[in-house]
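Q: Could we go through the charged side-chain pairs in this one? Please keep the answers plain.
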Amino acid sequence: MTSFDTSPQLNVWRALLALAVVFVMLATTGWTALRNQRGTTALQASVTAWEHGRIDGRRLPDPHAAPARLARFFASLTQRQRLSLAHRYPLAVGNMNGAPVELRYRANRLALSTARSVERQRTHDSRLSPAGQQEAGRRMHRYESLLSPGRHILAFDPEGSGRIAEVFGNLSRADRVSVVVPGADTELLTFQRTHRKYAAPVGMAEALYRAERAASPATRTAVIAWADYTAPSGLGMDAATATRAADGAVRLNALLRGLPGEAPVSLFCHSYGSVVCGVAADALPGRVTDIAVAGSPGMRAQKVSQLRTSAQVWAMRDADDWIQDVPYMEVGWLGHGADPVSAAFGARVLSARGAKGHSGYFVPGTESLRNFAEIGVGAYRSLDCAREDGTCRAGLSAAATA
């Protein structure tokens with residue numbers, strides 16, 4: 001069991017360490033990271049075209065309208081009209097919360113096919129350096145993989161490092177939905193990995209989906225590998241602040257409000273992903289029943305009540321996760337608040353037995369993954385707490401522990 005020492009001496013040491021880290025960051029990166037101003041992106045161009053478009057003489061609705069309104073619009077169309085919109089505006093439709101799920105899958109296949117062609121041409125572009133051509137080749141192969149039969153891409157944006165989300169299971173007919181929210185260094189090229197498979201969003205979601213099916217074969221589950229936000233790169237200033245998390249929280253809530261059906265939703269938030277979930281917590285739709293964090297640097301709160309959510313909040317950390325050495329503090333915009341596995345925070349602390357290091361929580365055979373799966377199917381009575389007294393299950397209603 002990891003020691004959760006909160007002595008004054010240790011807190012002073014952590015504060016000093018945090019200041020040292022800040023000075024190093026400022027010395028090497030400066031106060032701000034200046035970014036090149038880009039022109040209109042492919043997604044923005046598709047959305048702009050939609051805004052000026054019509055279907056059989058009828059104006060198209062605001063693409064940023066509430067998901068429920070967009071869902072009503074698509075429901076009013078014929079199948080031919082829906083397919084026409086997907087072909088004319090693939091990136092807009094593929095990323096539109098409220099559009100039918102199957103239509104988004106189709107639109108994103110079209111967008112991925114176009115992106116693959118662009119990158120194939122770039123691999124032979126003499127204006128690019130050899131490294132640039134190699135990067136184009138890597139992206140082309142990633143798009144080819146995402147276009148494999150049976151893959152269901154719910155969101156896709158090729159701009160910059162890229163954003164993407166993939167569904168495992170039947171999202172439209174699911175009894176329970178799980179969303180995996182990954183942390184830093186998540187982008188198109190790290191969305192899935194062969195080496196350290198379960199440290200990447202696709203591996204995490206696949207493992208959770210299989211574990212949920214094993215935990216409750218009769219429950220129709222769907223799992224979303226959600227990398228549809230711009231995550232921090234490395235452990236620089238972006239990772240030490242909530243700037244990226246604030247944008248991610250808006251995008252996460254938009255996704256959740258656009259999901260089909262009324263099935264309960266559980267969030268599984270790893271590392272910096274738990275900062276995203278913490279910032280998003282007070283605006284989550286009521287169908288979100290659980291927020292489970294693993295390897296968390298904090299949730300931008302000092303205690304669960306400050307999250308202002310009706311969802312159950314669960315936390316876990318394995319004994320050799322380096323994240324425990326990060327100072328749990330929040331000074332202005334720096335830091336992410338209290339340790340979610342500390343008694344003072346008030347989360348329900350789960351066992352992570354079997355997990356190794358910071359990225360081992362979704363590895364098959366671990367108690368961390370089994371606990372996640374039990375949450376995902378609503379089988380709270382079967383959860384293993386971090387402490388043997390079972391306190392993590394205390395106070396749950398009879399319905400919740402069924």
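Q: Is R308 buried or exposed?
A: In this predicted model, R308 is exposed, its relative accessible area being 58%.

Q: Which residue does R308 form a salt bridge with?
A: The partner of R308 is D282, and their closest N and O atoms are 2.9 Å apart. R308 belongs to the loop between β8 (288-294) and β9 (312-316), while D282 sits in the loop between α11 (272-280) and β8, so this pair ties together parts that are 26 residues apart in sequence.

Q: And how accessible is D282?
A: D282 is partly exposed, with 42% relative accessible area.

Q: Moving on, what does D175 meet in a salt bridge?
A: The side chain of D175 meets that of R220, at 3.1 Å from N to O. Because D175 lies in the loop between β4 (163-169) and β5 (176-181) and R220 in the loop between α8 (201-215) and β6 (221-227), the pair ties together parts that are 45 residues apart in sequence.

Q: What about accessibility for those two?
A: D175 is partly exposed at 30% relative accessible area, and R220 is also partly exposed, at 41%.

Q: Where does D125 come in, and what is its partner?
A: D125 forms a salt bridge with R127, with 3.0 Å between the closest N and O atoms. D125 counts as buried because its relative accessibility is 16%, under the 20% cut-off. R127, at 75%, counts as exposed.

Q: Which residues are linked in a network?
A: Salt bridges link D157, R163, D228 and R251 in a network.

Q: How many salt bridges does the structure hold?
A: It holds 19 salt bridges.

How values were computed
Residues are numbered from 1 along each chain as its sequence is written. This is a predicted model: local features need pLDDT of at least 70, side-chain atom pairs count only at pLDDT 80 or more; totals for chains, interfaces and linings use all residues. Side-chain values use heavy atoms; hydrogens and water are left out. A salt bridge is a side-chain nitrogen of Lys or Arg within 4 Å of a carboxyl oxygen of Asp or Glu. Buried means under 20% relative accessible area, exposed over 50%, partly exposed in between (1.4 Å probe, protein chains only). Helices (H or I, at least four residues) and strands (E, at least two) are DSSP runs, numbered from the N terminus.
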